Amino acid sequence: MRLTSLGHAAVLVETGQERILFDPWLTQRLDRFWEHHPPLEDDLVRRVLDEGVDCVVLSHHHFDHHHYPSLGLLADGADVDFDDTPRQSTGVTCVYPAGPVPPTLTASGLGHQAISWTLRRFGFERLCPVRPGDTVTLGGATLRTFPSAVSFPEMSVLVESADAAVMICGDALLHEATVEAFRREDAPRLDLALVPTHSVSPPGVLTERRPLSDPEGVRARAVANFDRYVDSLPAALTVPSSFGWRVSGDTDRDYDWCNRTLFPFTPVEALARLTERGRDGLLWGPGQVLEVGGGKAGLVDGPVAPDAYDFDEVYAAVRLDPRTPVPAFDASLDRYGRQTRSAEELLRELLDLLVATDYWYRALDDGAGRHVVSLYEDGGDETSYLLDPVAGRVTKLGAGPARAHVTHAEGWTETAASTLEAMLGADLLFGSSFGLWASDGVLLSAVFHHPSYYTRHVERELREASRP
């Protein structure tokens, strides 16, 4: 079995009979806020995927794993020119986690419900939704899926062939079902495990622009999560994984402070932790190849040489530094786009879009959920409003930021009117908007993680791709 890294969580697995692509994010930039780090070399994706893929596995619905521009590349061969077939997606099997019916509402929204629609919209026809715990049999491999300890459908996958067994965990939080499966006497042997290292971040840094507090405590939790994974998956070789990005805003605003405040535990530190615990591990980057077989796994020659990366230097750029100041949120500077609609019109649309979201249902049940929102307008005024999802009302409170108008148990959000308008118009992807508002609640998350917004962004991507 050969595995080629395409950065972050994207991995091509070759079993000898099929080529399986996990979590494709195949462009250098994810959006306006994140990019691959280390970067993807020019032409790397085309060289690695030139022979096409037989199967795509999506571990969950988040944009860095279920990336629309990358699905477009796979579907049409725009930049990944596999062969002369005009449509590549019709023959590709897509495996992804399906949620319960009726769906469980969560603070992360219902974006997972849009996966089937998204894939079909890009022309993929062989859809294979699974419940984590299911097994999928391919020609030369078996995919055994395991649940993640999160509130939305997410999975890690054990790929087994005649000569190798590889566990690809994506972002999954370790679930007790996974722990139990590998405690059993008949547990599968593991030649290789790709284990996430970024599942814990300091709270409130981006969402509320709070300075770092208790960084050692946050790091200790991240290390404990990693240790539990390592203890539960007794692989011959462990690779700290799903950490191949950095914040790199594409505006004049400097967001490099995020890279010093968000990541308490890097792959370099994870590798050192493996050494401390007497476990074999290594790091790999885009274009590097792992060969697995005969109970062994190691780097071999590939599109990028085994010694091409200085990982100490790479991950020094995203290492936690408690001395890094967190700049206060300023909607006059941390903003995007241009305002063409009034603040009250934008907020009324936002309130309408809350209907039938988890936030809305909880507000109905509790008789609460009121939220103070302040919008900084292009003319320079900042005004706060009270949103009441139960009564369906928007009430003007007065000038100034939202936090200044919170009197009881209301949540608060501060942003620019132009930023909100861009998100409502699908001109700004929700995930790329981190840093463009401050909030202590999930009101925006409830709206912009809704399936209707996933479909809007897919349609926008298809329109952009069709332009000459």
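A salt bridge is defined here as a side-chain nitrogen of Lys or Arg lying within 4 Å of a carboxyl oxygen of Asp or Glu. By this criterion, Asp227, Asp231, Arg273, Glu276 and Arg277 are linked in a network of salt bridges, and the structure as a whole holds 34 salt bridges. Side chains of opposite charge can pair when their charged atoms come close. The model is a predicted one, in which local features need pLDDT of at least 70 and side-chain atom pairs count only at pLDDT 80 or more, whereas totals for chains, interfaces and linings use all residues. Residues are numbered from 1 along each chain as its sequence is written, and side-chain values use heavy atoms, with hydrogens and water left out.

A salt bridge joins Arg253 to Asp334, with 2.8 Å from N to O. Because Arg253 lies in the loop between strand S14 (245-247) and helix H6 (267-276), and Asp334 in the loop between helix H7 (311-316) and helix H8 (343-353), the pair ties together parts that are 81 residues apart in sequence; helices (H or I, at least four residues) and strands (E, at least two) are DSSP runs, numbered from the N terminus. Asp334 is buried, at 0% relative accessibility, while Arg253 is partly exposed, at 27%, where buried means under 20% relative accessible area, exposed over 50% and partly exposed in between (1.4 Å probe, protein chains only).

In helix H9 (residues 358-366), Arg362 and Asp358 are four residues apart and therefore separated by about one helical turn. Their closest N and O atoms are 2.9 Å apart in a salt bridge, and Asp358 is buried, at 11% relative accessibility.
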